[in-house]
Amino acid sequence: MTALTSTSDWSRILTHGDVVTLRGRLHCPLIVPGDDGYDDARRVWNGMIDRRPAAIVRAAGIADVLAALRFGRERDLRIAVRGGGHNVAGNGTVDGGLVIDLGAMRSVTVDPAAQRVYVGPGATLADLDRETVAFGFAVPAGVFSPTGVAGLTLGGGVGWLTRRYGLSIDNLLSADVVTADGRLVHTSQDEEADLFWGIRGGGGNFGIVTSFEFRAHPLGPTVLAGAAFYRQARWAEALRFYAGWAPQLPDDLTTIVSFVTPPPGWVPEELRHQTLMVVGFAWAGRDAVDAEPLLAPLRAFGPPDFEIVEPTRWVDWQSSLDETMPKGVRAYWKNASFDRLDEATIETIINGASRIPSTRTGVDIHQLGGAFARVPEEATAFPNRTARYWLNIYAVWDDPAGDESGRSWARELHSKMRPHGAAGLYVNFLGAEDGDVESRGHALTAYGADKLAQLVALKDRYDPDNVFRLNHNIPPSR
Ligand SMILES: Cc1cc2nc3c(=O)[nH]c(=O)nc-3n(C[C@H](O)[C@H](O)[C@H](O)COP(=O)(O)OP(=O)(O)OC[C@H]3O[C@@H](n4cnc5c(N)ncnc54)[C@H](O)[C@@H]3O)c2cc1C
């Protein structure tokens, strides 16, 4: 790999003539080292990722994507594809290579009569929610509004509607994909169905998606959502209660348990600046009144040290966590799936949570089941539909001095969870060392041998030269 350490040596990779050639083929900005805005353009969400691309193409449309891809292949450049730039492993950028940045292609078009939504590859969840909610709809996605729809969807897409409507990929109806050989392919259950299978969970391995078509569901504009908060001394009893309560809930209610320091405005003074256990929930049913008896045991248990239970604007709920992890924080994530919240698992999670090293760091337990579990395992590339829970272990901090403690805390909790874990990993919640092309073990762990073999066969067909390798890579067979 060639790293650019200063702006003076970028011309080792691209000559002035190369830049002129590429610029002449594009209809959009091209940013190279030394240009105004280069440092801003090369940054991604994870502040630990400090890479210097040789060129950043800010694509305005498919023509630019095709031109950039062709140029990158001609010059044998490493190519990074960027949607929202939120990838924890930093795969949306590359040292000394070419970034195809799709951030300007962020259109969201709703067809209310057909309940369809057409989304550009640079759209964020905020863009998606804003447009869909205007028509009384939502598309299942994640819980942080600046996250890119593209990367989130290609890896899976878990959030507050997962149990009601499944992952984002379970609501994907079709996509347009620019393949490694420069074709634009429309893919769905009926057209290039194998490719459609692969992009639902296989990440950006098979091409550059330039448009997503989603099924939309009636929701909002307000939803009943909220959270119950518990101090550390009560975590064990609260998590034991949750373990008995959550499995009985209907699909309309999705819960996520977090061990975090909530933003100061969320809780009263006496609960601020400490890690709390937070049982968050969102109701996707028709009538909020139906949720009240289901929530009553949670509200009565203990009762919580504090609670928020109220109708909330969907777009506000979807952006309520944004301030906890702004762009530029340093991050290292791990995840595990598991089937039982038994005593041993509870003890392991609580031990880990009680040693959280910084205020932005946390642990989330995503409750699965429902619509997520009803999708047959073989229907998509996404692994392990039978898992009941995912544990997302997210070390997040500001000061580089915290790098070692952040990483080692996440690794330690992850390794302690191993005996309790189920098969499969969620690639979107993986940090750097698990996500680059040099470390391939994650693909086998994530997908399992059978699914990985299918994915490799698909990679051989659509990207035999591994042009799209800066992702949670499925290496081709040769
Ligand atoms: C603060 C935060 C909160 C998160 N919350 C959630 C959550 O609630 N639920 C959830 O499921 N995930 C969540 N994630 C994880 C998120 O899904 C992944 O980080 C995802 O990769 C982000 O997508 P992106 O487009 O923003 O990232 P990018 O860094 O732009 O892209 C990530 C990778 O996706 C591929 N890619 C992106 N766009 C395209 C495209 N158009 N065509 C082909 N390949 C493409 C590329 O391989 C790229 O390297 C969160 C991440 C962060 C940082």
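Analyst: Happy to. One term to begin with: a contact means heavy atoms within 4.5 Å. Residues are numbered from 1 along each chain as its sequence is written. This is a predicted model, where local features need pLDDT of at least 70, side-chain atom pairs count only at pLDDT 80 or more, and totals for chains, interfaces and linings use all residues, while side-chain values use heavy atoms, with hydrogens and water left out.

User: Thanks! Which residues does Leu173 touch, not counting residues up to four places away in sequence?

Analyst: Leu173 touches Arg116, Thr187, Ser188, Gln189, Phe196, Glu213, Phe214 and Arg215.

User: And where is the place of Leu173?

Analyst: Leu173 sits in strand 8. Helices (H or I, at least four residues) and strands (E, at least two) are DSSP runs, numbered from the N terminus. Glu213 is 40 residues away from Leu173 along the chain, yet their C-alpha atoms are separated by 5.4 Å.

User: What order do the strands have in the open sheet of five?

Analyst: The order is 5-6-10-8-9, with antiparallel pairing. Two strands pair if DSSP finds at least two bridges between them. At the edges are strand 5 (108-111) and strand 9 (184-188), each pairing on one side only. From one strand to the next, the twist averages 15°. Axes here are lines fitted to C-alpha atoms, for helices over the stretch in contact, and angles run from 0 to 180 degrees between N-to-C directions.

User: How many bridges join strand 6 to strand 10?

Analyst: Four bridges join strand 6 (residues 116-119) to strand 10 (residues 208-215), and the two run antiparallel. Arg116 has Arg215 of strand 10 as its bridge partner.

User: Which strands does helix 3 touch as it packs on that sheet?

Analyst: Helix 3 (residues 62-74) touches strand 8 (172-178), strand 9 and strand 10, and its direction makes about 50° with that of strand 8. Helix 4 (residues 125-133) also packs on the sheet, touching strand 5 and strand 6, at about 30° to the direction of strand 5.

User: New topic, the ligand. How many residues surround the ligand?

Analyst: There are 34, and the closest are Gly83, Gly85, Val143, Val158 and Tyr426. A residue is near a molecule or strand if one of its heavy atoms lies within 4 Å of it.

User: What lies 2.6 Å from an oxygen atom of the ligand?

Analyst: That is a backbone N or O atom of Gly83. A polar backbone atom of Gly85 is 2.7 Å from a ligand oxygen atom, and for Gly148 the distance is 2.8 Å. The protein covers 98% of the 950 Å² of accessible area that the ligand has on its own, with areas from the Shrake-Rupley method and a 1.4 Å probe.

User: Which element gives the largest share of the shell around the ligand?

Analyst: Helix 5, with four residues.

User: Back to sheets: which order does the open sheet of four strands have?

Analyst: The four strands run in the order 1-2-4-3, with mixed pairing. Strand 1 (30-31) and strand 3 each have a single partner strand, so one side of each has no neighbour in the sheet. Strand 2 (residues 55-58) and strand 4 (residues 98-101) run parallel, joined by four bridges, and Ala55 has Leu98 in strand 4 as its bridge partner.

User: How do strand 1 and strand 2 run, parallel or antiparallel?

Analyst: They run antiparallel, joined by two bridges. Leu30 stands opposite Val57 in strand 2.

Notes. Polar contact = N/O pair within 3.5 Å; in protein donor to acceptor, adjacent residues only side chain to side chain.
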